[in-house]
Amino acid sequence: MRIKWCIKILVVAVAFLPFTAKAFDYSAGISAGYNYGPGLYLNGQLSNFARGFPFKIKIGAGYTIVSNPGNALNARKIFINNATNGRPEKSGWMWDLRMDFLYQVHWFKMTNLFLYGGPRYNLFTANFNFVNGNEDFDITSNHWGWGIGLNKTFLINKEFDLQINSGLDYFLPSTIYGHDTSYNPDNENVNPRENFTYSDADVAINQPKLNFRLMIGIGYHF
């Protein structure tokens, strides 16, 4: 349900933009790179839609594979039980939505360089599977945040450009859910195991906090 919701938001947002293409400058793009793990990002961008407004607006969504979502044994203790049988396997992924305001700067004598910043929403999932141990469970958390960075564009021709994007995203602490247990940053927890607290769950699960981002992609101008 969380993935379907994220895809619906992206489809509605990107599908709306072409209707404004005749009045505004509109582009769409795809990029790949590192974002707390290898990731893929789709975006749409608007500019020149208000006289004197100095910013471009970019919206998009991305999917990231998280190679180390946390400690499997600790996750089992904190959210399930103290059993240790089975061979632990783990995987993780993130869906994120973002909106940025881009402002052209002229640093380092570079052209087509943009400083950007804006809000983020992240849907994080960690999966822990204890093979032959009869435990296969997800740990999830949803986070609001914000990010800043730089975007450099290299023109290829009238339609296409090459984009290099780097930045940092910061996400606020959020409730961590798993099985029938949840841990809240205020420690108003639901069905906590033993004497575990939010701090213990946060250490065990590598949910997004401060993420470095480096993406390279192609943009198309309509």
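Which elements each supply at least two residues of the lining of the largest pocket? They are β1 (25-35), β2 (38-47), β3, β4, β6 (135-155) and β7. The legends below take that pocket and a few other spots in turn. This is a predicted model, with local features needing pLDDT of at least 70 and side-chain atom pairs pLDDT 80 or more, while totals for chains, interfaces and linings use all residues. Residues are numbered from 1 along each chain as its sequence is written, and side-chain values use heavy atoms, with hydrogens and water left out.

**View 1. The chain overall.** The chain has 3 helices and 10 strands (DSSP runs numbered from the N terminus: H or I of at least four residues for helices, E of at least two for strands). Along the sequence they come as α-β-β-β-α-β-β-β-β-β-β-α-β. Of the 222 residues, 42% are buried (under 20% relative accessible area; exposed is over 50% and partly exposed in between, with a 1.4 Å probe and protein chains only).

**View 2. The largest pocket.** About 370 Å³ of space sits in this pocket. Points are joined across faces, edges and corners, and a volume is the space filled by probe spheres set on the points. The pocket has 21 lining residues, with Q45, S47, K56, F114 and H221 nearest its centre. By class, the lining holds 7 nonpolar, 10 polar and 4 charged residues (nonpolar: Ala, Val, Leu, Ile, Met, Phe, Trp, Tyr, Cys and Pro; charged: Asp, Glu, Lys and Arg; polar: the others, Gly among them).

**View 3. Around H221.** H221 belongs to strand β10 and is partly exposed at 30% relative accessible area. Setting aside neighbours within four places in sequence, H221 is in contact (heavy atoms within 4.5 Å) with Y26, S27, K158, E159 and D161.

**View 4. The largest cavity.** There are 3 cavities of 30 Å³ or more, and the largest holds about 90 Å³. Its lining has 16 residues, with S31, N43, N151, Q163 and N165 closest to the centre. The largest share, 6 residues, comes from β10.

**View 5. The second largest cavity and Y41.** This cavity has a volume of about 50 Å³, and its lining is Y41, K58, R98, D100, L102, Y116, N165 and R213. Two arginines lie over the face of Y41: R98 at 5.9 Å from the ring centre and R213 at 4.6 Å (the rule: NZ of Lys or CZ of Arg within 6 Å of the ring centre and within 35 degrees of the ring normal).

**View 6. Aromatic pairs.** The whole structure has 11 aromatic pairs (Phe, Tyr or Trp rings, using the six-membered ring of Trp, with centres within 6.5 Å; planes under 30 degrees apart are stacked, over 60 edge-to-face, the rest tilted). Y63 and W95 make a tilted pair, 4.9 Å centre to centre with 55° between the planes. Y63 is in strand β3 (residues 56-66) and W95 in strand β4 (residues 87-105), so the pair ties together parts 32 residues apart in sequence. Ring pairs also link Y26, F160, Y220 and F222 into a cluster.

Terms used
On a 1 Å grid over the protein atoms alone, a cavity is a set of points where a 1.4 Å probe fits but cannot get out, and a pocket is an open set with protein on both sides within 12 Å along at least five of seven lines; lining residues have an atom within 4 Å of a point.
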